[in-house]
Amino acid sequence: MAIAKKKRAAAAVLVLAIGAGAAYWFTRPHPPSDVVTIYGNIDIRQVQSAFNDDGRILDLKVQEGDRVQKGQLLAELDPVRFQDAVAKDQGQVAAQEQVLARLLAGSRPEEIAEARADVASAQATLSNAEITWQRQQTLAAEQYVPKQSLDNAAAALKTARANLDHAQQALILAIKGPRKEDIAAARHQLQADQAALSLAQRELVDNKLYAPEEGVVQDRILEAGDMVNPQTPVFTLALDNPVWVRAYLPEKSLGQVRPGMKAWIESDSFPGKRFPGWVGFISPTAEFTPKTVETTELRTELSYRVRVYACNPEHRLRLGMPVTVEIPLRDNMPQSLPAHPCAQ
């Protein structure tokens, strides 16, 4: 009986000691953690790649699962009508260039000489018409010719004077050359024809579809022979370098993390492997509407969306993959990064 009482007393003392130790552990001040750990997923980034014009697909160069580089040829349309449009506009530009050149060159010496000859011919005709009219006037006064002959001579004299005036004006125009308004109009018409040619050449280039970014062909939607328009995607490309991690930062850690800080990304698919990254964006607002009055406990439950970037040259991080992000706080000052930090 005495032994049992001693055992119960010893057990009570042990429980009290454990309780005191636990109380001390939870009530004593803890040093701040050197790492902020957050959780999220790799964002799914896709591009619906389509042609810029209507047409019939001539050839597709890649299959589903193929990795493509930025600027790689993916597909092309039948180019015949685009080539014909370019040839037509090239002819119009060449013709208009000749029109403008002719206007800028002005009248040729032979044209001016021809205009002078026309003036001389009109002057000779006028002199002969004046002599004829005077003769007919004298004969009509003596009644040797009918009055009709006098009228005909007067009409011929009037016509000769008008022809001389016309020839003189034509000579003046030949000497002055084209009007400046005609030259300006020809210039503008040439610019319009050149713009039409540039558009046709652009459409000829656009009959080829190139990859906008590095990625993987996720879906091959159409096949050769299909008709397409700019609203019809041909491929779906998955963009996986760099990758974007969408994670959520607790409000209590908001003051410790800033854009540009280094981060480490971990995935269950690669135990013990850490992928380097950096904090690229922290949302300026919380992900849910807070209550009007919040206690200290409620404030610490607010979270802010964070985007963590990572280069993925080996393509191990897959889109949609759940990951863990660790952001060291010691010796981790925000860094400014180049425009294309993942460029080879």
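Trp244 stands opposite Tyr309 in strand 13. The model is predicted: local features need pLDDT of at least 70, side-chain atom pairs count only at pLDDT 80 or more, and totals for chains, interfaces and linings use all residues. Residues are numbered from 1 along each chain as its sequence is written, and side-chain values use heavy atoms, without hydrogens or water.

Strand 10 (residues 243-250) and strand 13 run antiparallel, joined by eight bridges. Strands are DSSP runs of E, at least two residues, and helices are runs of H or I, at least four, numbered from the N terminus. Pairing requires at least two DSSP bridges. Strand 12 (residues 274-286) also pairs with strand 13 in the antiparallel sense, over five bridges. There, Phe281 stands opposite Arg307. Seven of the eight residues of strand 13 (residues 303-310) are buried, so the strand is largely enclosed by the rest of the structure. Buried means under 20% relative accessible area (1.4 Å probe, protein chains only).

Helix 3 (residues 109-141) has 33 residues and should span 48 Å at 1.5 Å a residue; its end C-alpha atoms are 48 Å apart, which agrees. The expected span is 1.5 Å times one less than the number of residues. Its buried residues are Ile112, Ala115, Val119, Ala122, Leu126, Ala129 and Gln136. These residues pack against helix 4, with contact meaning heavy atoms within 4.5 Å. Just after helix 3, Gln143 takes a positive phi of about 60 degrees.

Helix 4 gives three residues, the most of any element, to the lining of the second largest pocket.

How values were computed: Buried means under 20% relative accessible area, exposed over 50%, partly exposed in between (1.4 Å probe, protein chains only).
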